[in-house]
Structure formats: C-alpha cells, structure tokens
Amino acid sequence: MADPSGFLKYTHRELPQRRPVPLRLKDWKEVYQEFSDETLREQATRCMDCGIPFCHNGCPLGNLIPEWNDLVRRGRWRDAIERLHATNNFPDFTGRLCPAPCEPACVLGINQDPVTIKQIELEIIDHAFDEGFVVPLPPTKLTEKTVAVIGSGPAGLAAAQQLTRAGHSVTVFERADRIGGLLRYGIPEFKMEKRVLDRRLDQMRAEGTEFRAGVDVGVDITAEQLLADFDAVVLAGGATAARDLPVPGRELDGIHQAMEYLPWGNRVQEGDDVLGEDGEPPITAKGKKVIIIGGGDTGADCLGTAHRQGAVEVHQFEIMPRPPETRAESTPWPTYPLMYRVSSAHEEGGERVFSVNTEQFAGKDGRVTGLKAHEVTMEDGKFVKVEGSDFELEADLVLLAMGFVGPEKPGLLTELGVKFTDRGNVARGADFDTSVPGVYVAGDMGRGQSLIVWAIAEGRAAAAAVDRHLMGATALPAPVKPTAAPLQ
C-alpha cells in the first residue's frame, strides 16, 4: 500500500518549471523543463491510496491512479506503465493535453494541494518509451472482420487500436494529408511535439492498423461503398463545425476561425512548403495587432502561436466574467472547479479582457481594421450590455475561438442518413450505435465538444461495442456509456 504518512512528509505540490518566456518564444518546443525522478517520487508519495479514491470518479477512463502512484513511489516503472496502459491507450497525449479533472477530485485536495497526478502520468509514459517498455501488441489471431474508423483524432485512434488488438482488420480514414486529427493540426507544437504522436502511430502500424490519409469519406468514397466494404464503421470525425460570430463586418478579410489559423503553424513545423515570398504562412500574426475572441483552450493555443509568430499586440476576449482566484462555491470538491487559470500562453503576454461582447467589425478596402465592443453583465441567465461601456480596438487579424457546435453534416453523415440529436450531434443508443445498423459513433461527433480524455474513453467503449456486434461477445473494456439518450 502507499506510505500512509506520505502527504504529511511532503506537503507541497511541485510541478516542473516552464522554460523562461524569452527563451521559449524563440522556438516551438514544449515549454516544460525536465522533472527529476527524486522529486516525482516524492510527489507520488503524497498519494494517500485513500479508501474511496475520488480521482477515479474524476477520470472518465477510470485510471488506476493510486496504484500507479505507489508504483512510481517504489521506482517500479515497468509495472507502473502496465497499470497505466490498462485503462488509457495514450497517456502521452493526456499527460500533456488533458485538463486533469482527476486532480480537483483528489481527496488530499480537500485541505491541501492535490497530488500531481497528470505529471506523474506523463513521466510514467515518457520513462516507458525511453526504456523500451512500449512495444507493438499485435493480435495473436485475426477474426477476418473489417472495420472502418472515420477520423484519426484521439477517439478514432483509441477505437482503432482496441479493435486491431482484438484481431479485426482496421482501416482509419483521415481527410487531412496526415494522420492525427486535431492532435496533428489543432494542437500547437509547444503543447505537444508531433514526435509524440508519430511514435504512437508507428506502434499502431506495427500492430496492423492501416491508415489512409487524404481520403474524404463521403466524397472520395461514398457511404454506400463504405457500408459494402466493411463489416462495421466507427464515426469519430469530431465536432468540427465552428461557432461563428455573425455580426456586421464578419465578411472582411483578416477574420478567421481558429482552425483556419492554427494548422498553418503546425505545417511550418512539419517542414511543409507553405511559406510565401515574405517567408510567412498564408495566415500569420507577424507584425500584427491580433484580437482573439474566445477565452478557452483554443484561444490560448492561438495566443501562444501569435506570440511565436511575432504579433506586436494581442488581446483575448471572453464574454464570461473573470473567474475567482480560488475554487468557486458553485463548483465544490470533488467537481471540476470554476477558477482563474493561467496557461503557458497567457504567461507569455497579451491582455485578457473579460465580460466583453463584440458588436461589429470595422474595415477599410475590404480588410479588417478593428472592432467595436462593449462590456456585459449577466442578468437572469442572459448577457446584458453595460451602458456607456462601448469601446473600439484596432486589429489587423481577428481569430474566432468560440468553440464548436457539432459535426459537419454535409457529405458522409448526410449520405449515411444517421439521425441527429436536437443539439446537432450524431444520435446514438446505449451501445454507441447510430440509427444505421453497423455504424457506431464515438467522441465529439456524438458527444459534442469535450475533453481528450472523454474522446479516448468513448473510443475504447465504442470499440467494445463493435467487437460485441461482430463477435457476439467481447473482452474489451468499456469505461463509459454514451451521454445521449438511447435511440427511439
């Protein structure tokens, strides 16, 4: 069991230091410095292995957190990665990108800082790759069943790996020119270097998963062909329909959705020939006054990217009020707390503006030159303008990072004839099944915009449902159930 007095010996939560801002803005490498094994084992010792580990409740994957914390404490790295991989296909992704809802659910967090669960998870998997513990796990026997997975983000990759290891012949289709979905072209390099993604894809290829990039299913392959060629289909294309801001001036050049902007930065880091005569990609923040509308993670990704491209000024707007410095009373332990957070991108500069709404964009000669906005307050659940708070702000580049409203319906989903929920997501039953027999859905396409940890959990669960459909039974784990009501 864990050291019962560990949290008394090591009372302070420690995390790795971020590289100095002036240094890290010169490159696109991950921002954190190395974390010593000795310090990590001390942090793992803080885990109490409590009788009811609420961290399990905070994690959709059901990660065996107290178990691998104690294994790290004892220096048993191989055993630790086995326990971690038992519930999570890609801790190298979640350890970098997940907001760690497990941590605010930590029992120690009631009256101390919680255990550094996310950092311990990351160190386990990075140690495992360094020591050669992560190897391909191909199936011992093939089932002669074929499965198509549409989309190569975290949900699609998790479903594909589980189904491949179960012995099915799995083909992953991705409409972009490289595999990875948002992991490839949505997450900036400074949050997750793409070598981390590529080493996982190498493992999956060695296990037998086939990847087909540059194939837009519903255009290059019809839905009819898809259903004829495969015994089952998993839809994991994500919620890629971005929320827009339909105000006067929206048509001006220089106003872009975040996902029109972010991929160019990643393509430059991939070495693609996308630079113009000025040495910059088609959409860049270099030398510009930038306004980011949206205060979430995607907005922060735009912020960090703009810093590295050389923006002269950046403002980030958020319509919601500034959260409190500590856990809000409305989100008590063990829920995920509403509170003010500072990401690495926020630390690098820019001005965050809360409780503000954009009224219209201004422009000259067809290009954006600024915007008009005002402050808002919340009354009876609605945003109300604060009279006399109007202001104008110059901008050469405006990035819309207000989230996503659901999957794109034209093309594959329309051809398949799947039903949708009243929120526009693909409707699904109690076993991740859609209204079309043999077609399943996992991740944001069925759930709506959510966290990477939910995408992986749903990919694993959908894989179990598909395996059961194909074989009559399954030994694959199903950590979660769909959130949507069962199909009628």
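**Ground rules.** I am working on a predicted model, where local features need pLDDT of at least 70, side-chain atom pairs count only at pLDDT 80 or more, and totals for chains, interfaces and linings use all residues. Residues are numbered from 1 along each chain as its sequence is written, and side-chain values use heavy atoms, with hydrogens and water left out.

**Domains.** I looked up the domain assignment (bounds from an automatic or database assignment). I found domain 1 (5-131), domain 2 (146-240 + 405-471) and domain 3 (244-402). The C-alpha centres of domain 1 and domain 2 are 28 Å apart. I then checked contacts (heavy atoms within 4.5 Å). Domain 1 puts 24 residues in contact with 26 residues of domain 2.

**Second largest pocket.** I took a pocket as an open set of points on a 1 Å grid over the protein atoms alone, where a 1.4 Å probe fits, with protein on both sides within 12 Å along at least five of seven lines; lining residues have an atom within 4 Å of a point. The volume is the space filled by probe spheres set on the points, which are joined across faces, edges and corners. For this pocket I noted about 240 Å³. It has 16 lining residues, and Ile81, Glu82, His85, Phe133 and Leu137 are the closest to its centre. Domain 1 and domain 2 both contribute to the lining, so the pocket lies between them. H6 (77-85), H9 (154-165) and H11 (194-207) each supply at least two lining residues. H6 gives the largest share, four residues. Helices here are DSSP runs (H or I, at least four residues), numbered from the N terminus.

**Helix H5.** Seven of its nine residues are. I listed Ile65, Pro66, Trp68, Asn69, Asp70, Leu71 and Val72. Their cover includes H3 (37-45), H4 (54-58), H6 and H8 (117-131). Glycine 75 follows H5, with a positive phi near 75°.

**Arginine 24.** I placed this residue in H2 (residues 21-24). Arginine 24 has a relative accessible area of 0%, so it counts as buried. I looked for a polar contact (N or O atoms within 3.5 Å, one able to donate a hydrogen and the other to accept it; residues adjacent in sequence count only if both atoms are side-chain atoms). The side chain of arginine 24 makes one with the side chain of glutamate 348, at 2.7 Å. Leaving out residues up to four places away in sequence, arginine 24 touches Arg18, Arg19, Val31, Arg308, Ser344, Glu347 and Glu348.

Conventions. Buried means under 20% relative accessible area, exposed over 50%, partly exposed in between (1.4 Å probe, protein chains only).
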